[in-house]
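I opened the notebook to look at a model with several chains. My plan was to go chain by chain, then contact by contact.

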Amino acid sequence: MKALRIIVSLILLLVIAFPMLYGVAVSFFPKSDFNESKARLFPSRLEFRNYYRALNIKNIGYYILNSVGSAALGTIIKLFSVILGAFAFSHLNFYGKKAILIILMATLFIPQDAILFQNYMTISSLHLLDTWLGIALPLSFSASSLILLTLSFSSSEKDYYDASRLDGAGDFRYISSILLPLNQSVVLLISIQAFVSIFNSFLWPLVVTNKAKARTLQIAITMLGFMEEGDYGAEMASIVLLSLFFVVITVIFKKRIEKALENGINIK
Amino acid sequence: MKRKECIKAYAYLLPCLILASVFFLYPFLNTLISSLLRINTSGVVLGFAGLSNYALLFKDKSFQNSILRTLLFTSLFVPLNTFLTLLASSLTARKIKGFGPVETIFFLPVAISLSGATLIFKEMFRGRVSIINRLLGLEIDWLNERFPAMLTLVFLGVFLDFGIDYILLLTSFRAIDKRVLEAAEIDGASSAQIYFHIELPLIMRMLLMTVFLAIKDALLIVAPIIILTEGGPFRSTETILFYYYIEAFKSGNRAVQNTVSTLMVLSAALVMVIYSLIFHRRDKK
Amino acid sequence: MKKILIFAFTLFLILPLFSSGEREKGVTIITIWHPNSGLIGEAFEELVNDFNQTVGKDENIQIEAVYQGLANDVLTKVKAAAISKTLPDIAQMDATAATDMNNADYLVTMRDLGLREEEILINARNAFSSEKGLLAMPFNASSLLLYYNKDVFEENGVEPPKTFDEFIEIADKIGEKDEKGNVTRYALQGVPTTFELTSFIGAQNGLSYIVNKKNGHEGLPTEVLFGKEGTYKAFLEKWKELFDTGYLNSITSGVSTEFASGRSATMLQSSSNLSTVIDSVGDNFRVGVSEIPMVNEKATGGVAPSGGAMFAFTNSSEVRKVLEYFMRDDVQLKWAELTGYIPLNVNVYESEEYRDFIKENPNFHVAMSALNGSNPNLTNLWLPSAYQIYYSFQKNIDDVVNERITIDAAVDEMVTTIKDALESYEAQNIV
């Protein structure tokens, strides 16, 4: 039984890991490897030029700073709003609870393209064009994070909350010292997801920035024109480099993630 | 309900409400109202249209086609995604020695950008000579045949959602009180019985939530299609939002823009009503 | 955590310092939004730098070029910027922007600017002209070409086909099958769409349009012409015949890679991809280009121009001077040499330097002479719902070759599709 479990897991592992490994392999393909009559699994030789091209961005420091900055800002805003919101939904009783939740959840189904122009006008009238806040704000609310966190919060023991209130601790104290540690895996998950999605977004940051120095890494890479020039190797190298950033973060936080996973979410 | 608690709750909800109102609900309300108006491509309001924009939309064969394609994608994607993530999380729920890295790898797709993953799949499934064909001994021109192109999209969809669903389910499994499982074991329950009668019901809430998010992702799929298939071959992967993308966003058709967005949100309401009914029944039990 | 927060907010607070660019007094900044990336982007930057250091310096004008994504992304940005009144002075966009811009009240036409138009190649001028005159200054022009595998053609002793009949005749020579009868090299892969059809239909009888009002350049079309004129049918018949040789593969994805890897002896592509194609083919084989095959002997109209143009949103002498600079013959020549676009200043063709350039790069000459020899009134298509019609044509053609639908029924279907799009546009836009 255990052997079967391991075998099936390893097959699944192969399925999920293959695209990532193949992406890395392709990022080393010299151009001629793309034309062969049978697709290659490994490059005929390691083409480091792909990486050189992907990294050869003028003022790359600015772009990295802007990407990281706007994504971090957006993640902080998202966590702040979603944690407080989820706390209210899971721990408090108030009028219109269901209605508000449903209205917030309806935002999940609004097509991003539909609200692009309106949001541009809003950001522009707030004088936030070319700023991190302008990039981050419209991307920093997510109903799916809100419901996941609400679901997760609502299953932690209410007794803790009552006890902490009896001890005279305020809500913020309770959230930061009991609720968040108990639910750290979900919090970690939505933080990573928020950061990655803002970091990787293209159209919105392109629309709200005009000055070269306010641009993000995704825009700078698109500007290199690998896809239009058919330079798939360099394109793949840039994808690997961008993902590498997160892989490194994952490895750094590996212990934390694993610990969080061990605890699990207290869903009843 | 205490008044003080109400005020406190509204205060905590304020950041969410502000962000959602300014950047989602206000623009959507505009869309909803506009869907009842005649507006030309330059944005000038020409008059009241009633429901004629909707009539025009449903008459459009391409829109009808896009609904069918979206339903096909959803009916393929949601079961496969649910099955695979549930399988992976069930298998690894109980710690296996040395499987720490495996869990991390299952989680890694979260870190890869949507466009990056899509481009990798485009390369993996490129034509008859693709690496997938070579490894599996197939002769399929994946992106140039109708059903295979749809399947490629489904596989990509699963890859994109795998990481987050896996973690959500895994952590739910691990949160189950071990004493309950041990007690069942002592009572002589088989591991299949334990799984189906104790574990699965206990994670059902989270499972339903991941299914809900999968349905949402399936109904709204567009960005991978733009990069992977452009709705092709021969309009076989044109989903509702892809139709929306080319007609409303790129061709500036305001009627399509406003009606489709409104309909998407209405369908969301429908899905949520069904969901709250399911949750309600479960809670009653 | 606290430290990170403080750090992030400090960064956020100092960010505005970065974006406040210093500007010299008395210098007019002309902002240009453009879609030029990669090598073409570098070439464009070079032209801009040249301007800033020469004409710009003398006239106190500086160009600020801002990359805004693909041509269609530029249009998205322009539409957004128009609403909030943050338009640039100039934006470089392609023909898909033309209908939008023709209806936009913020567009400054070339007539408004007082730009001299005579030196601009007439075909390119017509591509961006409407009833309002020349909407934008053509800048990067290209045309449809037949790319072919020179090695395969020479080995089999055939010339690039001038007509579809010739193409059908040589299909089994340039195509190849293995012992089992599987095609290992097709004569041609791909499915034409609006872009190709404007030429395949347009060239017939010297000049034909897909819809009336000069393919939509003189107002919203009221009639679909290819149905009753039989031009689409004529094309479909030849295309079907080519398909029936067994050496035409009806695919929409990966056409360029199939060609580059030698699995397709020819392909239909824009001349703007020439450098890219040569580059990705590498040492596999030698690439040749020729004019696209004619549907029949009477299809002498040539090709419709494609490409982009500079749309102006500010009416000033500085904008005019910038546009005049980009149309100068030496600038157009340099632009052509760096990118492979067709030079649009007719004076360029007389210059010694250009003759030397095309002698060394004969492939680049083909697009230019194809366009030059085409009927100047053969223009690209301006239609609402352009993208839907684009994909509809592909599906329609595929249905014909696979005999899911007869040719006559297919023609009717496309006529209806376009009529429906026009009617729905009219219902929403015409008072």
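This is a predicted model: local features need pLDDT of at least 70, side-chain atom pairs count only at pLDDT 80 or more; totals for chains, interfaces and linings use all residues.

My entries follow in the order I looked things up.

**Entry 1: chain A.** I began with secondary structure. I found 14 helices and zero strands in chain A. Reading along the sequence, I wrote the pattern down as α-α-α-α-α-α-α-α-α-α-α-α-α-α. I then looked up the extent of the C-alpha trace. Along its principal axes, chain A spans about 70 × 60 × 30 Å. Next came burial. Of the 268 residues in chain A, 53% are buried. I also checked how far apart in sequence the contacts reach. I took the contacts in chain A with a separation of 6 or more, and 76% of them are between residues 24 or more positions apart.

**Entry 2: chain A against chain B.** How many residues does each chain bring to this contact? I got 75 residues from chain A and 78 residues from chain B. On the chain A side I listed the helices that supply at least two residues each; among them are α1 (2-26), α3 (60-91), α10 (184-200) and α13 (232-252). I asked which helix gives the most to that side of chain A. The helix is α1(A), with 13 residues. I sorted the chain A side by class and counted 49 nonpolar, 19 polar and seven charged residues.

**Entry 3: chain B against chain C.** Here I found 26 residues of chain B in contact with 24 residues of chain C. Two helices of chain B, α11 (240-250) and α12 (254-284), each supply at least two residues of the side that touches chain C. The largest share of that side comes from α11(B), at three residues. By class, the chain B side that touches chain C holds seven nonpolar, twelve polar and seven charged residues.

**Entry 4: chain C overall.** I counted 21 helices and twelve strands in chain C. I found 53% of the 431 residues of chain C buried. For contacts in chain C between residues at least 6 apart in sequence, 74% join residues at least 24 apart.

**Entry 5: strands in chain C.** I traced the pairing of β1 (residues 28-34) in chain C. Seven bridges join β1 to β2 (residues 61-67) of chain C, and the two run parallel. In that pairing, C:T31 has C:E64 in β2(C) as its bridge partner. β1(C) is also joined by two bridges to β3 (residues 90-94) of chain C, again parallel. There I noted C:I90 in β3(C) as the bridge partner of C:I32.

**Entry 6: domains of chain C.** The domain assignment gives domain 1 (25-142 + 306-372) and domain 2 (144-304 + 379-429) in chain C. Their C-alpha centres lie 28 Å apart. The contact takes 21 residues from domain 1 of chain C and 21 residues from domain 2 of chain C. On the domain 1 side, elements supplying at least two residues each include α5 (98-103), β12 (305-312) and α19 (362-372) of chain C. α19(C) gives the most to that side, with six residues. By class, I recorded ten nonpolar, ten polar and one charged residues on the domain 1 side.

Notes. Residues are numbered from 1 along each chain as its sequence is written. Chains are lettered from A and ligands numbered from 1 in the order in which they are written. Helices (H or I, at least four residues) and strands (E, at least two) are DSSP runs, numbered from the N terminus. A residue is buried if 20 or more other C-beta atoms lie within 10 Å of its own, exposed if 12 or fewer, and partly exposed in between; C-beta atoms are placed from the backbone. Two residues are in contact if their C-beta atoms, placed from the backbone, lie within 7 Å. Ala, Val, Leu, Ile, Met, Phe, Trp, Tyr, Cys and Pro count as nonpolar, Asp, Glu, Lys and Arg as charged, and the others, Gly among them, as polar. Domain bounds come from an automatic or database domain assignment. Two strands pair if DSSP finds at least two bridges between them.
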